[in-house]
Amino acid sequence: MEKAPSPISIPEKTPPQDPPEASPKPYKKSFVTTLMEAATLRSPFKEDTYFISHLKSSEKKALQELKDKLMASYGPDGECTMWGIPLLGGDEKADVILLKFLRARDFRVSDSFVMLEKCIAWRKEFEADNVAEEDLGFKELEGVVAYMHGHDRDGHPVCYNAYGVFRDKDMYERIFGDEEKLKKFLRWRVQVLERGINLLHFKPGGTNSIIQVTDLKDMPKRELRVASNQILSLFQDNYPEMVALKIFINVPWYFSVLYSMFSPFLTQRTKSKFVISREGCAAETLYKFIRPEDVPVQYGGLSRPNDLQNGPPKPASEFTVKGGEKVNIQIEGIEAGATITWDLVIGGWDLEYSAEFVPNAEGGYTIAVEKPRKLSPSEEAIHNSFTSREAGKMVLSVDNTASRRKKVAAYRYVVRKSTLV
């Protein structure tokens, strides 16, 4: 397997000049717009390193006091563990967990201790240590409603959540039809989170939290109120500081209603981790935090459901397509008999795409591998292959001249030489 040796060129055309527009009328900002502007202006959330040397003297004192309270409550031989880590073991992993509880309660030792004791009791009653391996019978929800998928640019595991499927009344009744079904769903949702936490290091300077991406598209707001509130309350009470960032995508106009519903269950520190993205901007937002090859195809990435089973994904090259611009990606150095396979995606598409093979030989005929076609905003990443009969280059073209919007984009390719002699 080899890459084409020649460099990739992306020639650009100057955007056409549009006639001047009339000045827009004043408007009142919507709740979502205000939230987005606030998120843009807010300083990036700074995650704890969990190095003891980085703590303030008051925080070090609080950590020791919490340890003393635990020792007094459980004794030197008492069983006090979380995620398989003895909290009285005196090692750095235990410190990471204890600091999470302290941070969640602003280093108020008494409040942190109460939260910690309640969490230990809940985990024992819920049998949370065993839930990750259970078969709860939710195969139809796996990879759709809540699932771990890939990592962000800093190595955090990413958990995706999408509840739009519950707009289907039959599906809703099957999952939430009565109290027992709701309890079973909550257990499954805890299972997904526990599997994500099992990927964490619990080590100073390591990966100690996950990223959550929540897709609000088609989410039924009234029907899921009870389940949503229970999930939020349960996670906030028992999984402090386990989420580094909460990214909301496809945020609809009624987000103000959802936000007012969730807000009472969230701490101010939790709210500070929010990133808000309106409908149609999922890829643009996610690319800031997650590489395209790790973003699922339904959100404008290159990652398909079974890709990660074959090991780490092949890295993609990122670029932008400006409004009014046509971009040609030229993959040169393709030998006769070689097969080129490529993936290409443009966030929010709504442009024209084509692919052609151009022979090196003079007088050779250009082959239209994919004829020009308009791609809709919901189109997933293109995946295609072509085997050349002669040496030449592949040209992938994206034509954004009909739009004034700049779009994020990514592509990758591999060239396999012919095995024939």
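This briefing walks through the fold, the surface and a few residues of the chain. The structure is a predicted model, so local features need pLDDT of at least 70 and side-chain atom pairs count only at pLDDT 80 or more, while totals for chains, interfaces and linings use all residues. Residues are numbered from 1 along each chain as its sequence is written, and side-chain values use heavy atoms, with hydrogens and water left out.

**Overall fold**
- The chain has 10 helices and 15 strands, taken as DSSP runs numbered from the N terminus (helices: H or I, at least four residues; strands: E, at least two).
- Of the contacts (heavy atoms within 4.5 Å) between residues at least 6 apart in sequence, 78% join residues at least 24 apart.

**Surface and burial**
- The accessible surface comes to about 22,300 Å², and carbon and sulfur atoms account for 50% of that area; the areas come from the Shrake-Rupley method with a 1.4 Å probe, and for residues only the protein chains shown count as cover.
- The chain holds 421 residues, and 47% of them are buried, meaning under 20% relative accessible area (1.4 Å probe, protein chains only).

**Cysteines**
- C119 is buried at a relative accessible area of 0%, and C281 also counts as buried, at 6%.
- A search of the whole structure turns up zero disulfides, a disulfide being a pair of cysteine sulfur atoms within 2.5 Å.

**A closer look at S403**
- You will find S403 in the loop between β14 (392-399) and β15 (407-416).
- S403 is buried, with a relative accessible area of 12%.
- Leaving aside residues up to four places away in sequence, S403 touches G323 and G324.

Methods: Buried < 20%, exposed > 50% of the residue type's maximum accessible area, 1.4 Å probe, protein only.
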